[in-house]
Amino acid sequence: MSYIEDMGPGTGVLPPRAFFTSDAASLSLNGTWDFRLSPSAAAAPVDFGGDDWDTITVPGHWQLQGHGSPAYTNVRYPFPVEPPFVPSENPTGDHRLVFDLPASWPDEPAVLRFDGIDSCGLVWLNGVELGVTRGSRLPSEFEVGHLLQPKGNVLVVRVHQWSSGSYLEDQDMWWLSGIFRSVTLLSRPRGGVADFEVHASYDHVTGLGTLSVDGGLVTVPELGVVDLPEGQSVSVAVEPWSAESPRLYDGVVHTAVEHVPVRIGFRTVEITDGVLLVNGARIVFRGVNRHEHHPRFGRAVPSEFAVADILLMKQHNVNAVRTSHYPPDPRFLALCDEYGLWVIDECDLETHGFGELDWAGNPSDDPRWAESCVDRMRRMVERDKNHPSVLLWSLGNESHTGRNLAAMASWARDRDPSRPVHYEGDFDCEYVDVYSRMYASHEEVDEIGRTRADMPFVLCEFAHAMGNGPGGMLEYRELFERYRHVQGGFIWEWIDHGLERDGHYAYGGDFGESIHDGNFVIDGLVFPDRTPSPGLLEFAKVFEPVRITGTSAGVRIASFYDHISLDHLKFEWVYEVDGVEVAEGSLEVPPVAAGQHVDIALPDLDVTTGQPDTTDLPTPSAPTAPLATGEGWLTVRATLAAPTTWAEAGHTVAWGQISITEAAPTNPISAVELVGVGDVLWLGPGEFDPATGLLTRLGDHPVEGPRLDLWRAPTDNDRGSDNPEERAWREAGLHRLQHRVIEVGAQENELVVRTRVAPPSWGFGMFADYTWTADGDRLRLQLDVTPDGDWPCTLPRLGLRLALPGELSSVEWFGAGPGEAYADSRQSARIGRFESTVDALQTPYVFPQENGNRANVRWLRIGDIGVVGEPVFDFTARRWTSEDLDAAQHTTDLKPRDRVYLNLDLAQHGLGTASCGPGVLPQYRLHAQKASFAVNFCPSMRT
Ligand code: GAL
């Protein structure tokens, strides 16, 4: 059997050890290498000389540098399942680098370290074969000191896309090959630090940290620790390390000849009475699953983007990362130590494709793979053992069950008793310390909360962030707060894995793959370019560590931190009436310890005389339009009092709004007369077609009258896996409703248009009555709907759609904003007055779908057309129709038309997270039912 298909670990490699840099010489071999791609291992030339090579950037993937194509599958292996064999058509990339040593390079042993080669590499230095790497996202080191020469060293790495290891690396992501992490030559001085392990625990009762180090002497000047020898420990008063307060002590692990800078964080992880504790306190994971992804570089993520990820996470109240589904670039963990994130470090193991075969032949339970599985665990643990951020070791992902997983767990526990073991697939918890599940419904988590208090429970994946969503995060948070051992979870997932191509982001199938899983790879809280999606903003709000709410007496400030007080925050308030600021100030908040709350009095708001100067408010030209209603909101923000490593002073960590005065009711309309001349009907500013009853003109604006609309371009969650709503909606024909005019009733001062709206082929439908009245420049529409017959499904939306002239562009509203909001994902929208444009209202989901809804809108101005709710409505405005949005596959398919399509909704169906997980919770489902809804149109509203 060739080395490519050998089921064992790599060969010729050195025992695994911690990843570190020291004062010993090192040489980065990253940069431009020679490269050539052969269609198979057999076709790869035997000769590594010659000039007939292209070039490639290392680290990098060849498929993203013009050689071959990326391919995406979620579960299925893209090759026949006959382990350990792989296709003969096995793209093979030869990488060659000629390098000189710096003049100062010492005459000492040296190792060549590869941080990651996907999937298997055969390595030669100066014509001598060093061995084989396996385990794509794990390091491999080779002893090379004896082979080095001052000049003209020739390093050749033959990398195969497929190998036996591919069976163990079936993660839901792009198949991308190459030397995708750094390559470094490291001098290993005789008598240097071969490897080391820092033990730094914290006793929350005594406040003492206990430090010992294996592998060298340790000096930590700040703690007065000088040359503490191996095998000895010292206990000193320290500040503990936590994700909330990532206190690190700089030190040096050293021998006589080598010094390794270390950053030591004191912390203790334990499970007591079924609860996971850090430094004695229960923690809650407000986490994300992070794949390494960049839209141009794939998994070869330049370090500035790893930093960007961490800054964005911290700024959006993420406190934990599961490194799905492989150990990340080792530098990422140092960043987690520094910025403060709890980490579940996951091994590079997933055999999900065997699920398609009912798990027959699953490597997790086949002894021939045992050594390989344990080798992967060993390499992760040894590499990452010195990071305080790593709390749990995870065996891997979706590899079912089996003795090899048990062996990995027991190896890890023996080697590192200081960290519990995690793995999701072990439902019976035979070899894990933490019960972990993915996508369990709220109901099931509640049941786990009630019945399984013997172990900590985490959702290693929940709230699938594919497309528009996830909905229902708030209700998960409530469960994390209800049960002590239900300790949070990790959103699936951090980033959309879109790849830049032709002005849009590509997903599965865009590269002509014959087997693929489409846009299932586009399911992150940030877009491929790391722009936060509305889902991330919602996450930040739902999981904010401070909750600010109104009480009968004033304001409650409640801490949801697990370790730190609120001392680092300032509390500022603004009072707005009708969205216009009338007063502001700061709140004096007494000290609040982790998990505690205080109630304080409202600031002194003179709500009777504190009315805003309404001359600045948007008013329609008609004086009767009800815009200045005296609706008053107090917004309190918790902001950073001083800059941190991850945000500026003033950054908002949490906020809350308290209703102070309610809106005065809308002025009733004092109806004007309906006038009919020839084939036109006029009512106030509205012009109607007497045959259809449709509004054709509003003031000077041609419009295509509002009609009942029940359709939205399905979201990924609507299209979700189990029993999708979208299927029911399409079968019901909601995307092709027909409108039958029953009667256009012109009365003295109202126009009543009675219609029945229904899909073709079916008997059910909806009576929709439009009652128009007018008052000066204000045109009021009341819509009354009554279902007729048995409706087989929920409704995507219930509201009105109208087409307006395309010149309208600027948008302003008073309501929830500034971002989009849906019934079950609306925490991050606050009540205020916001400005935007039709174009900027769109959320560019990589796979086009319903987006951009603004909720709870009191009034809207679009161009100079005003819409005033009774009391509120939701709206979307876009330059394409819902049907265009429905048909589009990529953002570039959306071509602006010469109209603005405005939807004014009474409600939309919630979002849920059925693209992978539970659907819309009952309270957010929209059913066909009798409903009434009124809006007022003003043809020329000025602001
Ligand atoms: C999980 C899996 C993830 C991802 C997710 C769906 O089952 O662990 O890797 O596939 O589903 O996006």
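**Exercise 1: Strands side by side**

Find how many bridges join strand S16 (residues 208–214) to S19.

*Solution.* Step 1: four bridges join S16 to S19, and the two strands run antiparallel. Strands are DSSP runs of E with at least two residues, numbered from the N terminus, and two strands pair if DSSP finds at least two bridges between them. Step 3: widen the view to an open sheet of three strands, ordered S15-S16-S19 with antiparallel pairing. Its edge strands, S15 (197–203) and S19 (234–237), each pair on one side only.

A note on the source: this is a predicted model, where local features need pLDDT of at least 70 and side-chain atom pairs count only at pLDDT 80 or more, while totals for chains, interfaces and linings use all residues. Residues are numbered from 1 along each chain as its sequence is written, and side-chain values use heavy atoms, with hydrogens and water left out.

**Exercise 2: Around the ligand**

*Solution.* Step 3: look for polar contacts, meaning pairs of N or O atoms within 3.5 Å.
- His 464: a side-chain N or O atom is 2.7 Å from a ligand oxygen.
- Trp 492: a side-chain N or O atom is 3.0 Å from a ligand oxygen.
- Asp 523: a side-chain N or O atom is 3.0 Å from a ligand oxygen.

How values were computed
Polar contact = N/O pair within 3.5 Å; in protein donor to acceptor, adjacent residues only side chain to side chain.
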